[in-house]
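User: I'd like to learn how to read helices and strands in a model like this one. Could you walk me through it?

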Amino acid sequence: MALAAAPGQGMLESVLGAINLGTIVLDHARRVVVWNHWMSQYSGLPADSVVGQDFFALFPELNGKRIDSAVRQALRDNFPSVLSQTLHKAPFALFANDGARAAGERMQQAVAVTPLDVPGLARHCLIQITDVSVAVTRERLLRDQALELRSQTFSDGLTGIANRRHFDVAMEKEMRRAKRSGTPLSLLMIDIDSFKPYNDHYGHQQGDDTLIKVAHALAAMLQRPADLIARYGGEEFAVILPEMTPDHSQVLAEKMRERIAALGIPHAKAELTGYVTVSIGLATHALEHPSDIAVLLGEADRALYMAKGAGRNRVVRFSAV
């Protein structure tokens, strides 16, 4: 690296060479004055090929970028800058090794530009570059783990669909939205018919397998991103249908009932059918029939009770009349 001859120059060069970050110094004309060993190692450019050159002529891809304005502000206005890592992840062509260079995988960087007032000389600026690849990787891993944990927290451990907690959060959000926008919000309460006798006859392992099959078959019927099916408890499921009218919801509920019947899962204790079926209760919040969450749940639950009482394997829509 080029430094004016002075006592202690060797010591200064040793210090700059030992620093574990990129160190570049530009003079008032934006020529490279210092290019330390770290920069040579990770850029692949030896100091003697860089020092004395116009920095932005050497690296034209940085012209007009944030580093360009940061250098101008440092030299002209004596103003330091720290580049946002979110917006400027890897401004310099720096590579951890030859494999990364061949693959074009740049080192993740944190960049700071600091004005330098040098006695007897026009203002210089210091560019410091830190390798934050490990920190970025760790942050990404932690974020992925947090998302996985959140997914587990909001998913039913057996069936993989949303759990009761997820249902409660989604229901509150969708009810607020329905009231704000004046759109309908329908709710289905679905129960597997005679499931206790099924478990007693076939065993809990087969009961769990059937819960999984029913949950997946019901979930496959939902096509819109905002629709949500959750395991509400035991053999009971709840389906949130935002912006869906009672008529359309009833059509979907009937298709769901038919789909489960079509699975043909044997049920020796189902006296009327001989296979697994579901009963469904339907209720809708609408402008002409406003309600809150507790009321809507109660109405759907009463409709489900009526479906059970009327012989099971059917859909009943709640009516206030």
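Predicted model: local features only at pLDDT ≥ 70, side-chain atom pairs only at ≥ 80, totals over all residues.

User: Which residues in α11 are buried?

Analyst: Residues are numbered from 1 along each chain as its sequence is written, and side-chain values use heavy atoms, leaving out hydrogens and water. Buried means under 20% relative accessible area, with exposed over 50% and partly exposed in between (1.4 Å probe, protein chains only). Helices (H or I, at least four residues) and strands (E, at least two) are DSSP runs, numbered from the N terminus. An α-helix has 3.6 residues a turn, so residues three or four places apart point the same way. In α11, the buried residues are Ser249, Leu252, Ala253, Met256, Arg257, Ile260 and Ala261.

User: What covers the buried residues of α11?

Analyst: Contact means heavy atoms within 4.5 Å. The cover includes β6, α10 (204-219), β8 (236-242), β9 and β10.

User: Why is β9 described as largely enclosed?

Analyst: Because 8 of the 8 residues of β9 (residues 278-285) are buried. Val278, Ile280, Leu282 and Thr284 lie on one side, with Ser279, Gly281, Ala283 and His285 on the other.

User: Which strands do bridges join to β9?

Analyst: Two strands pair if DSSP finds at least two bridges between them. β6 (residues 185-192) runs antiparallel to β9, with 8 bridges, and Met189 stands opposite Gly281. β10 (residues 315-317) runs parallel to β9, with 3 bridges, and Leu282 stands opposite Arg317.
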